Amino acid sequence: MVFLTRTCYKLKEIKLPRKYLRSKFIDSVRLHVKGGTGGTGLPKYGGLGGQGGCVYCQGKEDANLRTIMSQYRARTICGGHGEDSRKAQIVGKPGEDIKLEVPLGVTVYGENGTVLGSIDKEDETLIVARGGPGGNKNNNFLGHFGQNHHIRLDLKLIADIGLVGFPNAGKSSLLKAISRAKPRIANYPFTTIKPNKAIIQYSDLRQISIADLPGLIEGAHENIGLGHKFLKHVERTKLLLFIADIQGFQLSPKYPKRSCIETVVLLNKELELYDPELLDKPAVLAINKLDVDGADETFNRIKDSLTHLGGIINTLPEEIRPERIINFEDVIGISALKGSNIEDLKQLLRRRLDEYAEENDPDIVKPSESLLRNKKLTQERGPQVT
Ligand SMILES: Nc1nc2c(ncn2[C@@H]2O[C@H](COP(=O)(O)OP(=O)(O)OP(=O)(O)O)[C@@H](O)[C@H]2O)c(=O)[nH]1
């Protein structure tokens, strides 16, 4: 198919769209899954039909939903059928289990939106379609059909830190300065069109993951720009790192120019409109581009106001005021381009995360009831994962 598309493009002398624009980050996939049918038992000998194979998900750090989608789109994923019992083999062989490797942070939803469970750790498994039991004396030796339904795999990145900021604030530049990531950087908004996850490496080999969540702009709650599409990925981060341009932000001449303080307040408002509980997360604010002329003076002038947003909120236009003000643990001035204060920021983030870990359960994802129920099921009749 890919070959055919390329040939068509060549024939028509049309250039393929650039690769980065084609590659779309996929964080939700709908699949049809079906457990295998149980084999028939042999009544004469009291034989047991083999149990149908199940379909199960297994967490893998390097897996992605794009692979699953290209492999299984418009297909039913079927567990193998259990073998019938025979004279020579009274207990039929169970059907083959089908494994779907999914990235960590995937929640599996059933048909009516019920949560079947989530996968947050490497090699964690979850059955998404049970195989039918084999024929035995309780079911007249007739094997049963397996579970047959649609599921949705919904990915929420698991990262220690979520990076939020308006376009052009310097998120990608910061990611590049603070880690080994090589994101695309350009002087126009929406250069980043998908979340990027990177690892901050410390000299003692400690690693902290950070996710850049692009597309947030004023009015995102009205689905402007990329809307709140990627904000769900913030839910699973432990700490929020806000980044704002000291010069403020203006999306286009049609929109009002927002000052640095206003952009921070607007970010606060967008997060609140998405989920007010996000404001309870520990948050650090980095003011970027301190290398531009006069930025130091501006930063010193507004630093106090940024630390205590509550004090100045009434002086700002009413339409941008949030109901609740976020409380920044620290406000730090940086230059992602020149690399100034990046090391201080790295240490600060580490300190804040350690404090957070001391106060809270380090496991950010509490196992839900359904997850525990599913785990039990896996142990009872699940796949033999070796
Ligand atoms: N002077 C200066 N420019 C910077 C700094 N950091 C980033 N820039 C510039 O700001 C522009 C936008 O930077 P990006 O890192 O792409 O910003 P972003 O927030 O990832 O933007 P989107 O991809 O649109 O979300 C680029 O031209 C950068 O070179 C800085 O510290 N100082």
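**Core, sheet and enclosed helix in a predicted model**

In this predicted model, Leu-285 touches Phe-242, Ala-244, Val-264, Leu-306, Phe-328 and Val-331, when residues up to four places away in sequence are left out of the count. Leu-285 also belongs to the largest nonpolar core, a set of 78 residues, where Leu-285 is listed together with Val-128, Leu-241, Phe-242 and Ala-286 as having the most contacts inside the core. Helix α5, which spans residues 260-274, supplies the largest share of this core, namely seven residues. Because both domain 1 (28-155) and domain 2 (159-360) give residues to the core, it lies between them. The centres of these two domains, taken over C-alpha atoms, are separated by 43 Å.

The protein as a whole comprises nine helices and 14 strands, and 42% of its 386 residues count as buried. Among the contacts between residues at least 6 apart in sequence, 71% join residues that are at least 24 apart.

Three of the strands form an open sheet in the order β4-β2-β7, and the pairing within this sheet is mixed. The edges are taken by β4 (98-102) and β7 (125-129), each of which has a single partner strand, so that one side of each is left without a neighbour in the sheet. Neighbouring strands of the sheet are turned against each other by 30 degrees on average, with direction ignored. Strand β2 (residues 55-59) and β7 run antiparallel and are joined by four bridges, and in this part of the sheet Cys-57 stands opposite Leu-126 of β7. In general terms, the strands of a sheet pair through hydrogen bonds of the backbone, in either a parallel or an antiparallel manner.

A further element to be described is helix α4, which covers residues 171-178. Eight of the eight residues of α4 are buried, and the helix is therefore largely enclosed by the rest of the structure.

Conventions
Residues are numbered from 1 along each chain as its sequence is written. This is a predicted model: local features need pLDDT of at least 70, side-chain atom pairs count only at pLDDT 80 or more; totals for chains, interfaces and linings use all residues. A nonpolar core is a set of buried Ala, Val, Leu, Ile, Met, Phe, Trp, Tyr and Cys residues joined through C-beta atoms within 7 Å. A residue is buried if 20 or more other C-beta atoms lie within 10 Å of its own, exposed if 12 or fewer, and partly exposed in between; C-beta atoms are placed from the backbone. Helices (H or I, at least four residues) and strands (E, at least two) are DSSP runs, numbered from the N terminus. Domain bounds come from an automatic or database domain assignment. Two residues are in contact if their C-beta atoms, placed from the backbone, lie within 7 Å. Two strands pair if DSSP finds at least two bridges between them. Axes are lines fitted to C-alpha atoms, for helices over the stretch in contact, and angles run from 0 to 180 degrees between N-to-C directions.
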